[in-house]
Amino acid sequence: MRPVSLRKLAEAIEGRVIGDADAVIRGVAGIKEARPGEITFLANAKYARLLRETKASAVILSKPDPHVSCAQLIVEDPYYAFSRVVSVLIEEPYRAMGISPLAGIGKNVRLGSDLSIHPFVTIGDRAVIGDRVTLYPGVYIGDETEIGDDSILHANVSIREKAVLGRRVIIHSGTVIGSDGFGFATHKGRHYKIPQIGTVVIGDDVEIGANVAVDRAAMGSTVIKRGTKIDNLVQIAHNVIVGEDCLIVSQVGISGSAVIGNRVTLAGQTGVAGHLSIGDNVVAGGRTGVTKDIASHQVVSGYPALPHRQWLEAQAVFAHLPELRKRIKALEIKLEQIGKQQSGGPKKRSTR
């Protein structure tokens, strides 16, 4: 990390300094681990007691604390500010490396300015590469694909034909964009491939993790909208639409033609069935199974998906089901005995 004065950091993140604004920050660390020359932050009040013991040169806070001996950087959102501070400290000015002679460039490719195209990159015919794009070794760009300005594709990413990526898109190693959707017609017991002739459209500021598969549409487009962040090992099927600023966590699977609203969070291993709609601002807990539409502004969990509080209540009962079954069986026997007693038991035949 490059050394930056606390004053410069405050200017970069629009914060206010209390204490030594000329202190030089050379690194970041947690409250307990921080040493002189490093900056830390407090986002959770339960760790406030640790501020008195921290060895950091500065701490990022939401309001001044008179008990803190080091410099303070006051901001509205300390966690967000900390992420920006890290970016400032590690950020190096972009320097274009140019186009490696070991890269394969197709016919009629439109190349932007200030590019960094590493060895063994392959770019198909009629592709469009924006300005300041970085393509690491082993990247494949299919025919007629468009890559927006300032995008970064890490090693061994594959972008199939006719896909469109916006600006500042980051894609991590091993991800495949535009692989064929899983479409087959079954005829007389055999499965015949349905050609997937659509594409994938990815908006600005999307980040996609490692080993993700985003399938091309059967017809039309699979769409991931602006600002969405996708973790590693996620499957997004053909004709899915994912809204803006969503968080899609590891091992999520979204089936074909599902529509995901804006600012939706799908926690790890959540599955979404095909042709469903999830509204805006929905949160699905880990391993949720979404089998029907979910309206906006809900928190759901479980399989099938239930309102989170209802699912917690059901989980509390689940562990006691064997015991409850025995008790219910005992009550049934007792009720049967009471019924026989109230009816006087079997009637005796008269001897008269």
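# Briefing: sheet, salt bridges, pockets

Nine strands form an open sheet in the order β10-β13-β16-β19-β24-β27-β30-β33-β36, with parallel pairing. Its edge strands are β10 (110-111) and β36 (277-278), and each pairs on one side only. The model is predicted. The whole structure has 13 salt bridges and zero disulfides.

**Sheet edge**

- Strand β33 (residues 259-260) runs parallel to β36, and two bridges join them.
- Ile260 has Ile278 of β36 as its bridge partner.

**Salt bridges between loops**

- Glu161 and Arg216 meet through their side chains in a salt bridge of 3.5 Å, N to O.
- Glu161 sits in the loop between β18 (158-159) and β19 (164-165), and Arg216 in the loop between β26 (213-215) and β27 (221-224), so the pair ties together parts 55 residues apart in sequence.
- Arg216 counts as buried, at 2% relative accessibility. Glu161 counts as partly exposed, at 27%.
- A network of salt bridges links Arg160, Glu161, Asp180, Lys193 and Arg216.
- Another salt bridge joins the side chains of Arg226 and Glu244 (3.2 Å, N to O).
- Arg226 lies in the loop between β27 and β28 (229-230), and Glu244 in the loop between β30 (241-242) and β31 (247-248), so this pair ties together parts 18 residues apart in sequence.
- Arg226 is partly exposed, with a relative accessible area of 34%. Glu244 is also partly exposed, at 29%.

**Salt bridge within a helix**

- The side chains of Lys340 and Glu336 form a salt bridge of 3.9 Å, N to O.
- Lys340 and Glu336 are four residues apart in helix α4 (residues 321-342), so about one helical turn separates them.

**Cysteines**

- Cys70 counts as buried because its relative accessibility is 11%, and the cut-off is under 20%.
- Cys246 counts as buried at 0% relative accessibility.
- A search of the whole structure finds zero disulfides.

- The largest pocket has a volume of about 310 Å³.
- Its lining holds 16 residues, of which Tyr94, Thr134, Asp150, Ser151 and Ile152 are the closest to the pocket centre.
- By class, the lining of the largest pocket has five nonpolar, four polar and seven charged residues.
- The second largest pocket holds about 240 Å³ of space.
- Ser87, Ile90, Glu91, Glu92, Tyr94 and Ile170 line the second largest pocket.

How values were computed:
Residues are numbered from 1 along each chain as its sequence is written. This is a predicted model: local features need pLDDT of at least 70, side-chain atom pairs count only at pLDDT 80 or more; totals for chains, interfaces and linings use all residues. Side-chain values use heavy atoms; hydrogens and water are left out. On a 1 Å grid over the protein atoms alone, a cavity is a set of points where a 1.4 Å probe fits but cannot get out, and a pocket is an open set with protein on both sides within 12 Å along at least five of seven lines; lining residues have an atom within 4 Å of a point. Grid points are joined across faces, edges and corners, and a volume is the space filled by probe spheres set on the points. Ala, Val, Leu, Ile, Met, Phe, Trp, Tyr, Cys and Pro count as nonpolar, Asp, Glu, Lys and Arg as charged, and the others, Gly among them, as polar. A disulfide is a pair of cysteine sulfur atoms within 2.5 Å. Buried means under 20% relative accessible area, exposed over 50%, partly exposed in between (1.4 Å probe, protein chains only). Two strands pair if DSSP finds at least two bridges between them. A salt bridge is a side-chain nitrogen of Lys or Arg within 4 Å of a carboxyl oxygen of Asp or Glu.
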